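Here is a short briefing on a structure with more than one part to look at. Keep the viewer open as you read.

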Amino acid sequence: MGDLLAGLGEALRLIVTLDAELIEITLRSLRVTLTALVIACVIGLPLGGWLAVRRFRLRRAVIATLNALIGLPPVVVGLVVYLLLSRSGPFGVLNLLFTPTAMIIAQVVIITPLVASIAHQAMRDLWSEYHDLLISMNATRGQRILTLLVDGRRALLTAALAGFGRAIGEVGAIMIVGGNIDGATRVLTTAIALETGRGQFALAVGLGLILIGLALVVSWASHWVLRTERQGTW
Amino acid sequence: MLLRALLLCLLPLAAAAETMRMAVTTSFENSGLSEVLLPAIAAETDLDVELVVVGTGQALRLGEAGDVDAVLVHARTAEEAFVAAGHAPHRREIMYNDFVLVGPADDPAGLAEATSATEALARIAAAEVPFVSRGDDSGTHKAELALWEATGLPPEGEWYRPVGAGMGAALNTAVGMGAYVLSDRASWLAFGNTEGMALLFQGDPALFNQYAYLPVDPGKNDDIAGDAAARLEDWLVSERAQSLIDGYRVSGEQLFTFNATR
């Protein structure tokens, strides 16, 4: 209990004093996760839409696989990305290991299935509503997917926020591929792991509270921008 | 202020200094010595040393893959095998600290009366009091296993609990279950969560913990900063490094003793 209260105090102190290191790792957390999220959405949202409108033989198997991939253990993703990016691995010449780019790659792998799966589920329901209309209007497949993406944007926001939540709180993969290097690849979660290892629980809890606050701010901001949950705009 | 931090974060740093990566053990980083040495290294050799903090086992693997330019670890047998396999041209001893046995302050196994490290461990085994082992193939883990071997007692049973984690996590676990644990002195002194725990045995020469620097073979790939690693080695054995290492204190105690040969 004492550590939790001390953590709250620590969080306040870090925020009030605009601790330079805190700002640096917080911005890096945001930069890595938001970049990964944008990439995951660019891949995952159209993929979800495509799976909703397209009927093909292996559709059920693809969707089941996608849902299973949501549970990919981050530490395994981290290890595989490490082995690929290692200088002795196939993409070693790119020299990406222990950089924020490597962390973004790992997070894209982790959250794309989640984003695609939630997007697919939302658009599948929408598609059953729009099916006859879009078919009768003779819309092309691209137009159909686009319509679903635009009209389902609030449900897709949930998909994006779920992806953001999983990525911003992730530590196993980015610890391996980023290395938690001070001033280069240290982010909020790896800093929390480090301070926990040092037994500095108050600081760790403080950083954790800031991480939660950050997730709240991002969620509120995105809901505000998309004007969801307002009277008359269910 | 915020804008400046944002710019620093978003723009690639136009650093004049040369950057190199060194894999170090958690015990070195947790001790806080790196925070003293790195700024001095940056100021005096113009080297920006990025630390990848992992266990000795993983540090040597990173060196083997050529993903870091140098390694600073503490597991002599593994280091010598690393050099013999050609992953590093040589091994340079830099400094040492020592291991200590930490446990519940009421000392149920009576470690305070032990006269040697092996006797202390034998007492823990006889009393079957919980003992947390790193169990992660790190330098500290290897040292612990060597000590158990010297006692002739197999560390097995309910009371022996390998956690497969870094030093800090192992200490946290030991605090949580009221167990004994072997820690390097630096990690223990710098550790914040010491409630109900005390240092119970120390001083046996068998607990000596040597750190060595291994520059990774620059022939592994074109990206290894061999020159930077050599410059860092020169600095690490310099008189300046000696005074910083010997002068580093936590809670008034000297943590590391410089013993490189020039």
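Two residues count as in contact if their C-beta atoms, placed from the backbone, lie within 7 Å. The model is predicted.

**Nonpolar core**
- The largest nonpolar core holds 139 residues.
- Val115(A), Val177(A) and Val71(B) have the most contacts inside this core.
- Helix 5 of chain A, residues 100-136, gives the most to this core, with 17 residues.
- Chain B supplies at least three residues from each of domain 1 (2-96 + 210-258) and domain 2 (97-207).
- Beyond its neighbours within four places in sequence, Val177(A) is in contact with Gly78(A), Val81(A), Tyr82(A), Leu85(A), Leu97(A), Ala102(A), Met103(A) and Ala106(A).

**Pro113(A)**
- Pro113(A) sits in helix 5 of chain A.
- Pro113(A) is buried because 22 other C-beta atoms lie within 10 Å, and the cut-off for buried is 20 or more.
- With neighbours within four places in sequence left aside, Pro113(A) is in contact with Leu66(A), Leu69(A) and Ile70(A).
- Gly71(A) is 42 residues away along the chain, and its C-alpha atom is 9.0 Å from that of Pro113(A).

**Where chain B touches chain A**
- Contacts join 28 residues of chain B to 25 residues of chain A.
- On the chain B side, helix 1 (2-10), helix 2 (26-31), strand 2 (47-54) and helix 8 (167-177) each give two or more residues.
- Helix 1 of chain B provides the largest share of that side, six residues.
- The chain B side comprises 15 nonpolar, nine polar and four charged residues.

Conventions
Residues are numbered from 1 along each chain as its sequence is written. Chains are lettered from A and ligands numbered from 1 in the order in which they are written. This is a predicted model: local features need pLDDT of at least 70, side-chain atom pairs count only at pLDDT 80 or more; totals for chains, interfaces and linings use all residues. A nonpolar core is a set of buried Ala, Val, Leu, Ile, Met, Phe, Trp, Tyr and Cys residues joined through C-beta atoms within 7 Å. A residue is buried if 20 or more other C-beta atoms lie within 10 Å of its own, exposed if 12 or fewer, and partly exposed in between; C-beta atoms are placed from the backbone. Helices (H or I, at least four residues) and strands (E, at least two) are DSSP runs, numbered from the N terminus. Domain bounds come from an automatic or database domain assignment. Ala, Val, Leu, Ile, Met, Phe, Trp, Tyr, Cys and Pro count as nonpolar, Asp, Glu, Lys and Arg as charged, and the others, Gly among them, as polar.
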